[in-house]
Structures are given as structure tokens and as C-alpha cells.
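Student: I would like to go through this structure term by term. For each label, please set the value against the cut-off.

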Amino acid sequence: MSALEVAITIGGIAAIAWVNWYFFLAGQAAVSAGGTDVQRLRVVVRGGYTPSVVRVQAGRPVRLDFYRDETSGCTEEVVFPDFQIRTFLPAHETTAVEFTPGEPGTHEFTCGMGMVRGRLIVEPAGAAT
């Protein structure tokens with residue numbers, strides 16, 4: 001293998017490692033949903049979810065208001081597989097997704113194709129958020 005081939009191979013491996021780190025491992029700060037009766041948070045959908053990590057308490061109703069600020073076909077729905085929720089998100093509109101998480105744990109939410117991802121962290125009731 002020539003020096004050029006080695007350099008190209010190392011560059012390719014480095015690029016793959018960076019992409020995996022950026023999309024799957026980079027630290028993302030969790031944002032807590034607020035509210036006294038219903039835990040509520042606005043999530044903007046624009047090439048991803050902002051915030052992409054949401055923290056809520058178990059046993060309390062949750063309302064996530066998804067504002068889809070784009071027309072990409074990929075983000076036209078949001079899916080919470082662990083809660084059997086699949087909701088259509090019209091472009092440039094706010095759509096509420098409501099549910100009550102039972103047990104503490106981490107749950108993923110995605111676009112309909114599973115390419116755009118977010119996390120819902122459910123903490124024990126009464127935990128400081």
C-alpha cells in the first residue's frame with residue numbers, strides 16, 4: 001500500500017469517527033419541561049430537534065409542542081416508539097404531542113424515517129429538574 005493510500009484510508013476512518021461522534025455521542029444538554037400541572041416544552045424542528053434532549057418527571061402529564069420550521073419530508077412526523085405515538089407535523093405549524101410517562105428511563109423520539117433523533121429522559125417523580 002502506498003503512502004497516499006494509507007493517508008486516504010486514515011482520513012476516511014477519521015471522517016467516519018467524527019460523523020459518528022457528532023451525531024450519536026456529542027454531549028447534548030437536556031432541557032427540562034416546566035409547568036405545575038402539565039410539563040410543557042416547545043421543540044423546534046429544523047434539520048433536527050431543538051432541544052434534542054428533553055427531561056421530564058414520571059407520572060406527570062407531558063405536552064411537547066413541536067413547531068416544524070421546514071418542509072423536508074423527513075421531518076413530517078415525530079415518533080415515540082416506546083409510547084406508541086406517531087404524530088404528523090404540518091410545516092410551519094405547532095403540533096402538540098401529549099402523554100404521561102410511567103416509569104423513569106430514557107426513550108428515543110425520531111422522525112418518521114428514523115434519521116432525525118432526540119431523547120426523552122424520564123426522571124422519578126419529585127426529582128429536581
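Tutor: A salt bridge is a side-chain nitrogen of Lys or Arg within 4 Å of a carboxyl oxygen of Asp or Glu. By that rule the structure holds seven salt bridges. The model is predicted, so local features need pLDDT of at least 70 and side-chain atom pairs count only at pLDDT 80 or more, while totals for chains, interfaces and linings use all residues. Residues are numbered from 1 along each chain as its sequence is written, and side-chain values use heavy atoms, with hydrogens and water left out.

Student: Why is the contact of Arg-63 with Glu-98 called a salt bridge?

Tutor: The closest N and O atoms of Arg-63 and Glu-98 are 3.5 Å apart. The limit is 4 Å, so the pair counts. The pair links distant parts of the chain: Arg-63 is in strand 5 and Glu-98 in strand 8, 35 residues apart. Helices (H or I, at least four residues) and strands (E, at least two) are DSSP runs, numbered from the N terminus.

Student: What makes Glu-98 exposed or buried?

Tutor: Buried means under 20% relative accessible area, exposed over 50%, and partly exposed in between (1.4 Å probe, protein chains only). Glu-98 has 54%, so Glu-98 is exposed. Arg-63 has 24%, so Arg-63 is partly exposed.

Student: How do you know that Glu-108 and Arg-117 form a salt bridge?

Tutor: Their side chains meet at 2.6 Å, N to O, so the distance is within the limit. Glu-108, at 34% relative accessibility, counts as partly exposed, and so does Arg-117 at 39%. Elsewhere, salt bridges that share partners join Arg-40, Arg-63, Asp-65 and Glu-98 into one network.

Student: And what about Arg-86 and Glu-77?

Tutor: Their side chains also meet in a salt bridge, at 2.7 Å, N to O. Arg-86 has 54% relative accessibility and therefore counts as exposed. Glu-77, with a relative accessible area of 22%, is partly exposed.

Student: What makes two rings an aromatic pair?

Tutor: Rings of Phe, Tyr and Trp (its six-membered ring) pair if their centres lie within 6.5 Å; planes under 30 degrees apart count as stacked, over 60 as edge-to-face and the rest as tilted. The structure holds seven aromatic pairs. In one of them, Tyr-49 and Phe-66 lie 6.0 Å apart, centre to centre, with 75° between the planes. The angle is over 60, so this pair is edge-to-face. Tyr-49 lies in strand 3 and Phe-66 in strand 5, so the pair ties together parts that are 17 residues apart in sequence. Tyr-49 and Phe-66 are buried.

Student: Why is the pair of Phe-83 and Phe-99 called tilted?

Tutor: The ring centres are 4.9 Å apart and the planes stand at 35°, so the pair is tilted. Phe-83 is in the loop between strand 6 (77-80) and strand 7 (85-88), and Phe-99 is in strand 8 (residues 94-99). Phe-83 has 19% relative accessibility and so counts as buried. Phe-99, with a relative accessible area of 9%, is buried. Tyr-49, Phe-66, Phe-80, Phe-83, Phe-99 and Phe-109 form one aromatic cluster.

Student: How do you know that strand 2 and strand 5 pair?

Tutor: Two strands pair if DSSP finds at least two bridges between them. Strand 2 (residues 39-45) and strand 5 (residues 62-68) have seven bridges, in the parallel sense. In strand 5, Val-62 is the bridge partner of Gln-39.

Student: What makes strand 2 mostly covered?

Tutor: Five of its seven residues are buried. In the chain, buried residues make up 37% of the 129 residues.

Student: What makes strand 1 and strand 7 edge strands?

Tutor: Six strands form an open sheet in the order 1-4-10-9-6-7, with mixed pairing. Strand 1 (31-32) and strand 7 each have a single partner strand, so one side of each is left without a neighbour in the sheet. Within the sheet, six bridges join strand 9 (residues 105-111) to strand 10 (residues 117-123), and the two run antiparallel.
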